[in-house]
Amino acid sequence: MTRITWKIEGDRDISGEVEDGLNLMEAAIAHDVPYIYGECGGCLSCATCHVFVEPEWLEMTGPVDDVEDAMLEMTDVERRKTSRLSCQVEVSPELDGLVLHVPIPE
Amino acid sequence: MLVGEEPYAPYQRPPLSKDCLLGKLEPDRLLIRDPQWYAEQGVTTRFSTRIREIRTSRRQVISDQGDILEYSKLVLCTGAGARTLPERMGGDLDGVFTLRTIADMQRLRPVLQPGRRLLILGGGYIGLEVAAVARQLGLEVTLLEMADRILQRVADRETSGFFRDLHREHGVVLRESTRVARLAGVDGRVRAAELESGERIDADLVLVGIGSQPNTALAESAGLECDNGIAVTETGRTSDPDIYAAGDCTSFVRNGVRVRLESVQNAADQGDLVARVLGGEETAYTAVPWFWSEQYDCRLQIVGLNHGHTHTVLRRSGKDRSQSVWYYADDRLLAIDAMNDTRSFALGRRIIEMGKHPSPEQVADPEVDLKALVRPPKR
């Protein structure tokens, strides 16, 4: 189990233990994190699981491939350098303590 | 209270014809929410429960077991069912499958064994996705489409051609303008398809992928207005003020045309809409439709509806096997099919949502950066 924290912009923090092997979108759904929908089930078609990674953790979440990079163009809240689609990051013990910021769409 | 006919909590259906069938994803990973989540939200669930009747005057529904459930508001999310071949055409033979539910997938997956001959009827998304999976699992695959091209109902010639080539390159025998007269069996088990031309095609297994029909029987018997789906307003309401409907089972008017959408997007957005409306919010359905399919290593992503298009524009991304087809009605952009071109899909979706209409010349020129239309450069 790996500990992940979601900071909802201007609101509360949600922290929880997540089963390794799930992706961060599934982890967010399991912890009822608001504004993370994962409508397409993680197949890179909806961009509804957008998060900003706490900068010190960015490298640990791995590289952004071309398809994810393209999908980040259609997020509700404009992308930043720390943007990721949660469904593309697999939870593993190295991510224990990871902090994610959840943007609130307009 | 959430009542469902299937034994499972709500789940994602799209992977059933893709990663699940390939064996890369197990069905327990498909659940949209953990079953206990519903209880935590104060939602009582009753699965494996079929509703046989709605008594609108008493605001009651009756289950197959005879239980009477009362409602003040009722939401029908009955979905759609796979169309099947009638018995007289051999639709009831063993070895004939459809694919819509986890149970369907669990029946089909174990029989997809290397070397077997799979015949697929229908060149829509389900037929094509299963063809791709079956080839990857080492089956011999023949796919028959009765229209003059695959994906005819949903896409332009350019897109149909792209997928025809893709499947043929992967060894699928793909035949269009080909009608099946009946399936022939021995001892109740399918052995072949007989074509209207008299030709016979041998097969060990048959997948019927000839579309779906909305599950409207319950709504119809309750006297609700139906028209290729349960007719709903832009707030998701049916012809009964206390009954709403959402998802594949509904039809609604969009841009002056009644449509029925079979998609995750529509299911999620209409569900969201009805929840808001029931919560007292004043809102209406405006979502832009989008769809996707995966076949082999190709990703198809679609945004918008191309009904009534007058012409299409092809945009090449510069990469191999990567392009998009843009559908126009005169100078209005209606929809985009993107093949291995997520950039065009993502930008196109924002362009359509924002109501912008780039000129066909801009779209056809790969040198034109469409991003500027969506997110003006920062100063």
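A cavity is a set of points, on a 1 Å grid over the protein atoms alone, where a 1.4 Å probe fits but cannot get out. This is a predicted model: local features need pLDDT of at least 70, side-chain atom pairs count only at pLDDT 80 or more, and totals for chains, interfaces and linings use all residues. Residues are numbered from 1 along each chain as its sequence is written.

**Cavity**
- The count is one cavity of 30 Å³ or more.
- The largest cavity holds about 50 Å³ of space, the volume being the space filled by probe spheres set on the points.
- Its lining residues (an atom within 4 Å of a point) include M25(A), C40(A), L44(A), C46(A), L85(A) and C87(A).
- The lining divides into eight nonpolar, four polar and no charged residues, with Gly counted as polar and Cys as nonpolar.

**Interface of chains A and B**
- Contact (heavy atoms within 4.5 Å) joins 27 residues of chain A to 26 residues of chain B.
- The buried area (accessible area lost on being put together, 1.4 Å probe, summed over both parts) is about 2,100 Å², and carbon and sulfur atoms give 43% of this.
- E39(A), E73(A) and M74(A) supply 31% of the area that chain A buries against chain B, more than any other three residues.

- Five salt bridges cross the interface, each a side-chain nitrogen of Lys or Arg within 4 Å of a carboxyl oxygen of Asp or Glu.
- K319(B) and D66(A) form a salt bridge at 3.9 Å, N to O.

Notes. Chains are lettered from A and ligands numbered from 1 in the order in which they are written. Side-chain values use heavy atoms; hydrogens and water are left out. On a 1 Å grid over the protein atoms alone, a cavity is a set of points where a 1.4 Å probe fits but cannot get out, and a pocket is an open set with protein on both sides within 12 Å along at least five of seven lines; lining residues have an atom within 4 Å of a point. Buried area is the accessible area (1.4 Å probe) that two parts lose on being put together, summed over both.
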